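Student: I have a new model open and would like to learn how to read it. Can we take it feature by feature?

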Amino acid sequence: MEYRRLGNTGLKVSEISLGSWLTYGGYVEEQKASSSIDKAYELGINFFDTANVYMRGEAEKVVGKTLAKYDRSSYVLATKVFGKMGDGPNDSGLSRKHIMEQADASLKRLGLDYIDIYYCHRFHPETPLEETLRALDDLIRQGKILYAGVSEWTAEQMTEAVHLADKRLWDRIVVNQPNYSMLHRNIEKEIIPVSEKHGIGQVVFSPLAQGVLTGKYKKGEAPPEGSRASQKDLGTLYGVLNDRNLEKAESLEKIAQQEDLTLSQLALAWILRQPNVASALVGASRPEQLEENVKASGVKLKEDSLQQIEEILTAE
């Protein structure tokens, strides 16, 4: 496993990290979830991601309970705030009240004294940005969180946050968590250039496009039993599972074979070609999936492979 600096900080995180969205505390039973976390740690993954809203806190409990056996200084843990955690008017968003209360609630569920990275899970237009950033800075000064970040904010929102923090002499946001994969490249035009300018690193989610870039879904065939696409309440994997993308995945698999990689490894290595990306978040319901994914760390794709990939991805 290779490690990268998170933005302009001194913090180093594994190129492949383990997330818990749609998996732990819900669809995946606790024993399997714990086994996957243990396998990740064994393979050199030092970066684990969750959120308060994942299964209303259950994912945090599973992650915290499993990691409790390891030296706290040996791993980096991220969680998030924003989503609805109750039925009250202040049980969501980025108000000072919600941020401070949910930070304490997450620490209790995780069984920890501090959170390494605390994300604003989405932007909240109803709360003044100054209120949100001041609350995050206070949490840093209290030692409850070490770094602050955002997820799915626009380039303009991130720029405003940096300028406001500098004006008030508060800690800046240092990490962004966007959706990024071969099939979803929105961050390349504005987010990455702005992030590079301000020292913000990317920790990307859905790098395998909800499993479409694993090769397990085939055009004209029913989703494999037990796969995410077979879960009726997940719809068509948020629009990414369609015939056009399945055709691209089939073409990309040939490039993977040329590189002596699986399609998943190719997709992860392609993401890690971006120096602004600190880590790619993968999910795992079985330890074996992690054994395959971590082999993408350190892989440098050939220039002709990158060119072929670009032609496949941009073809009409």
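This is a predicted model: local features need pLDDT of at least 70, side-chain atom pairs count only at pLDDT 80 or more; totals for chains, interfaces and linings use all residues.

Student: Is N245 buried or exposed?

Tutor: Look at relative accessibility. The cut-off for buried is under 20%. N245 has 10%, so N245 counts as buried.

Student: Which residues is N245 in contact with, leaving aside its neighbours within four places in sequence?

Tutor: Three residues: L183, V212 and V240.

Student: Let me try another residue. Where is Q157 placed?

Tutor: Q157 belongs to helix α5, which covers residues 155-168.

Student: Why does Q157 count as buried?

Tutor: Apply the cut-off again: buried means under 20% relative accessible area. Q157 comes out at 18%, so Q157 is buried.

Student: What does the side chain of Q157 reach?

Tutor: The backbone nitrogen of T154, at 2.9 Å. Beyond the neighbours within four places in sequence, Q157 also touches F123 and L129.

Student: Now helix pairs. How do I describe one?

Tutor: Two numbers describe a packed pair: the angle between the axes and the distance between them. Take α2, residues 58-67, and α3, residues 96-110. Their axes come within 7 Å and cross at roughly 50°. Because of that angle, α2 is oblique to α3.

Student: Which residues of α2 and α3 meet?

Tutor: On the α2 side, E60, K61 and G64. On the α3 side, S106, R109 and L110. By class, the residues of this contact are one nonpolar, two polar and three charged.

Student: Let us step back to the whole protein. How many helices and strands are there?

Tutor: The protein has 10 helices and 10 strands. Its radius of gyration is 19 Å, close to the 20 Å that the globule rule gives for 316 residues, so the protein is as compact as a globular protein of that length.

Student: What does the C-alpha trace span along its principal axes?

Tutor: About 50 × 40 × 35 Å.

Student: And how much of the protein counts as buried?

Tutor: Of its 316 residues, 57%. N245 and Q157 are two cases you have already read as buried.

Note on methods
Residues are numbered from 1 along each chain as its sequence is written. Side-chain values use heavy atoms; hydrogens and water are left out. Axes are lines fitted to C-alpha atoms, for helices over the stretch in contact, and angles run from 0 to 180 degrees between N-to-C directions. Helices (H or I, at least four residues) and strands (E, at least two) are DSSP runs, numbered from the N terminus. Angles under 35 degrees count as roughly parallel, over 145 as roughly antiparallel, 65 to 115 as roughly perpendicular and the rest as oblique. Contact means heavy atoms within 4.5 Å. Ala, Val, Leu, Ile, Met, Phe, Trp, Tyr, Cys and Pro count as nonpolar, Asp, Glu, Lys and Arg as charged, and the others, Gly among them, as polar. Buried means under 20% relative accessible area, exposed over 50%, partly exposed in between (1.4 Å probe, protein chains only). A polar contact is a pair of N or O atoms within 3.5 Å; within protein, one must be able to donate a hydrogen and the other to accept it, and residues adjacent in sequence count only if both atoms are side-chain atoms. The radius of gyration is taken over C-alpha atoms; the globule rule is 2.2 Å times the number of residues to the power 0.38.
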